[in-house]
Structures are given as structure tokens and as C-alpha cells.
Amino acid sequence: MADVGSESNPLRVAIIGSGPAGFYTVSNFARHKDLSVEVDMYDRLATPFGLVRGGVAPDHQKDKSVTRAYDKSAQKPNFRFYGNVAYGDDVTLDDLKAHYHQVIFTSGAPNDRNLAIPGEDLAGSHSATEFVAWYNGHPDFASRDFDLSQKSVAVIGIGNVAVDVARILCRTDEELRATDMADYAIDALRDSSVEDVYMFGRRGPAQAAFTPPEIKELGELIDADVIITEDEATLDPHSSAEMERVPDKNVTKNVETVQELAQRKPEGRRKRLHIRFLTSPTELIADDTGRVSAIRIVRNEAYAADDGSVRSRATDQEEVIPVGLVFRSVGYLGKALPEIPFHESWGTILNEAGRVVDADGNPLTGLYTAGWIKRGPSGVIGTNKTCAQETVNCMVEDMQAGKLLEPAAPEPEAAAEMVAAKQPQRISYADWSKLDSAELANGEAQGRPRVKFTKLADMLTELGR
Ligand code: NAP
């Protein structure tokens, strides 16, 4: 048998997860022109593209245009998609080892971090992850219910996800109707009584995790006044010193925008978006029925830590703000995968440069990882390109060194038979293309980018099954 990676004996790779890291794995392999690779991509969902479909905000359609490049990769003859096939439930590690030389996990970070404060689990307190997945039509979240009859809502955290949530809560019905947001969410948000949205950042404007275009966009909302106090927009001495010591143009732009917003006078718009800095939630308070009715926050002060970074610590000043709905947006967290070594508190697969390792740091032959499940939930979509490149370089290097799994049946047809036996309702890329066309056509009829299927049963019906 010719060497693995040759035309007569292609390298067989299974990719678990069809988000950006999965697709950048495919495109990075394509850069190795002398290498013959056959790729099978698995996803537990019927639809591909991970957070680009289920996470990127519906009013940020431009960010979704990356799927055009993913689609090109997927149309190549050496690519197969097995949607609605869950690693761990439908296929096991042993199944994959029987059919592939290498397996790469690109399953992202679907869970959310906790706040660890009393009342966190009260009715009316949700993770931003759930809300985002719900309004984006993720089938696992389509039947969730959020009490949008509340007038005041808290969003905890000031990263870009928190900004997405706050912005969506403040958009007009007309704006949302022009997006691919799930219809049930558009209707629920139209009927919402939300008037005041509070975002809470535990540090100051110079340490905010949002990026300049995102904070600027909040100042352009047509239905909401942004309210920031001058006091909280003013830099503490540690932050000013840090900005001088380590100039960063994003930090400068963020601070300028925050200070400009703080100068504005409210114009009597229908909603108010309050952005609070140097404040930490300490408790969610329940009403008589056990639902969240208020949030207790403590004012923080900034200090310079030993490593030079600016951190915050609590003062003795507290406030209680009435809110009936809370979205915790303090970062995503990876989820352990069966049989794969995992670092619980980091929420990442144990790995070195993308090679999966055991607890002693020894590489596990043929197993790799890329994306958020490799490095944690940070960076923009494009960050996954370089992340996947690092892993693919390791995969090619290991292949050249002969460090591969030894599949008994590496032919693509054998894997196809295995999947068909395990999950008769698998979705191929051709199936997805039909669903995609139907979504686009339904969208066009309504002057929207697409109208999403939000239930697997509806997708199967569309496919005539
Ligand atoms: P993130 O950027 O890590 O932000 C997390 C926020 O939660 C920070 O403000 C953090 O404050 C705060 N936080 C953490 N623990 C907290 C606690 N115990 N109490 C109070 N606040 C706490 O995470 P993310 O917003 O989930 O975004 C994930 C990644 O996706 C980021 O890289 C983001 O830029 C990216 N993303 C990008 C876009 C876009 O490009 N438009 C949209 C969405 C997401 P500290 O800084 O003090 O820790």
C-alpha cells in the first residue's frame, strides 16, 4: 500500500464540529497541494456552520458571509458532511478509529461560565448563551421561554456577546424583521415590555471586553438612549497609567467612545441602555413567587495587580436595582467530550499546539483539536484560521512521521455505511444545500436574508423524509 497521503491512499480525517474551526481545518489541508486528503465532517446538528449560524447576531449578516468560503470547501469531492450525527451518542471514538487516520475535535464551547452568586439559578435568570441560541433559531433552544413582559433587564458582562444581547433587546421590530432571526423570537421581542437594559462591567472602560465597532453601534441605536455616568466613564489613575505604558488602539477607541456617550443627553427614546462600569453583581433577589425581582451590585475600585494588569475589587458601596430578567454573559465554556482528556476549569481539551495529550502531557496518536475547544472562547471568527493552521501543521508533520491511527476500513464508503447504520437520519451536504435553498427562498419572499428551519422534523419533511 502506498504511503498515507498519496492519491492511491489518501489521508482520512474526521472533523467533529462544523463551525469555523472545522471549516478552517479543511481549508488549511487544501493548502498542502501535494497531499491527498479525504475529509468527513460530523455535526450533532443537522445544519453546518456552528456559531456562524447559531451565535453571530442576526443583525450582523455581513459577519456570516464567511460561509461562502466554507461552502466552497464543502463542494469539493473529497468532502463529506454528516449532519445530525452526534459524537459520543451516534458514533464513538472506536467507530472513528476504525475508519480514519486522524480525528480532530472542533466542537466549540457550548456551555456558559457561572457567576457563583446567590440567586443565580432563580426563575428569570438565564445565560446569554440560551437567549442567543433561542433568537438564532437553534433547534435545542427553540422552545425556551423568556419573560419579556419585564420592564427592566440586566445583562452581566461587557463582552461582545453581552453587547449583542443588549442591542437585540433594544432594536425596533422593523429592524429585527429585516433579519434571519427566528420568527418566534421576532414576535416575542415585538411584544416585549423592556424599557431599561442595564449592562454591568466589573472593571472600567479601559478594560472592557467589547470591541470598538460594537460599542460604537450601541450609540447608533434608533430606539434607545445610551446612558453612562461621567463618573464611571472617567479613567482611574491605574488605567490611565496602563494606557500610557501599553498603548492599544482598540482600548483608546473604546474609551473615547464611552466618554463621548457619557456626554450625551438622553433624547427621550423609548428604551434606555445603561452601561455601568466598576460594578459587580453580588446577589439576585427573588420576589414572593421565587422569580428574580432585583439585582444587588457592589461598586468596585480599580487597582494594579502584581503582573501590572488593572483589576477591580469591591468597595462597601452597594445598590439594589429592580430587574425582572437577567442574562449572564460572562463567557462561554467548553464541554467535555467522551473519552477525550479535558481540563474542567479551562473548559478545553488537553492539548499541545492542537495535539491531544493525556494528563502527563503525552500526545495521543491521531487525536487533535482546534478552535474554542482547543484554546478557550476568545477571538473573532478569523482567529480560528490561524488556530486550525497550527493544528493542521502538526497533523501533517505526524503523518509524515508515520504517527497515525491504523483504521481497519479507511475507505470513505466504509465510513458512510457505518454512519448510515448508526444514524439513518443523517444529513448530507447535498441535503443541507436543499435546506439552504428553501431557507433563502422563504427569506426572499419576505425581503429577509433567510427564514430558518428551527426544528429537525421540519427539515426532514422538507427533504421528503
Ligand atoms: P468575553 O469577551 O470574554 O467577555 C466576558 C465578559 O464577562 C467580560 O466583560 C468579563 O469581564 C466579564 N466577566 C467574567 N467573569 C465575570 C464575573 N464573575 N463577574 C462579572 N463580569 C465577569 O466573552 P464573550 O462576550 O462571551 O465573547 C466571547 C468571544 O466571542 C470574544 O472573543 C468576543 O469578542 C467574540 N465575539 C465577537 C463578536 C463580534 O465580533 N461582533 C460578537 C460576539 C462574540 P473581565 O474583562 O473583567 O474579565
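Predicted model: local features only at pLDDT ≥ 70, side-chain atom pairs only at ≥ 80, totals over all residues.
A salt bridge is a side-chain nitrogen of Lys or Arg within 4 Å of a carboxyl oxygen of Asp or Glu. Across the interface of domain 1 and domain 2, the rule finds four salt bridges.

The domain assignment of the protein chain gives domain 1 as 11-110 + 333-427 and domain 2 as 114-330. Taken over C-alpha atoms, the centres of domain 1 and domain 2 are separated by 33 Å. At the interface, 13 residues of domain 1 are in contact with 16 residues of domain 2. The area buried between domain 1 and domain 2 is about 1,100 Å², and carbon and sulfur atoms give 47% of that area. Of the area that domain 1 buries against domain 2, 46% is supplied by Pro 58, Asp 59 and His 60, more than by any other three residues.

Between domain 1 and domain 2, nine residue pairs are in polar contact, both residues being at pLDDT 80 or more. The side of domain 1 that touches domain 2 comprises five nonpolar, four polar and four charged residues.

The ligand has 20 residues around it, of which Asn 160, Arg 202, Arg 203, Glu 214 and Gly 379 come nearest.

| Residue | Protein atom | Distance to a ligand oxygen atom |
|---|---|---|
| Ile 158 | backbone N or O | 3.1 Å |
| Asn 160 | polar side-chain atom | 3.0 Å |
| Arg 203 | polar side-chain atom | 2.8 Å |

On its own, the ligand has 920 Å² of accessible area, and the protein covers 78% of this area.

Technical notes
Residues numbered from 1 in each chain as written. Heavy atoms only, no water. Domains from an automatic or database assignment. Contact = heavy atoms within 4.5 Å. Buried area = accessible area lost by both parts, 1.4 Å probe. Polar contact = N/O pair within 3.5 Å; in protein donor to acceptor, adjacent residues only side chain to side chain. Nonpolar A, V, L, I, M, F, W, Y, C, P; charged D, E, K, R; others polar. Near = heavy atom within 4 Å. Areas by Shrake-Rupley, 256 points an atom, 1.4 Å probe, with all protein chains shown as cover.
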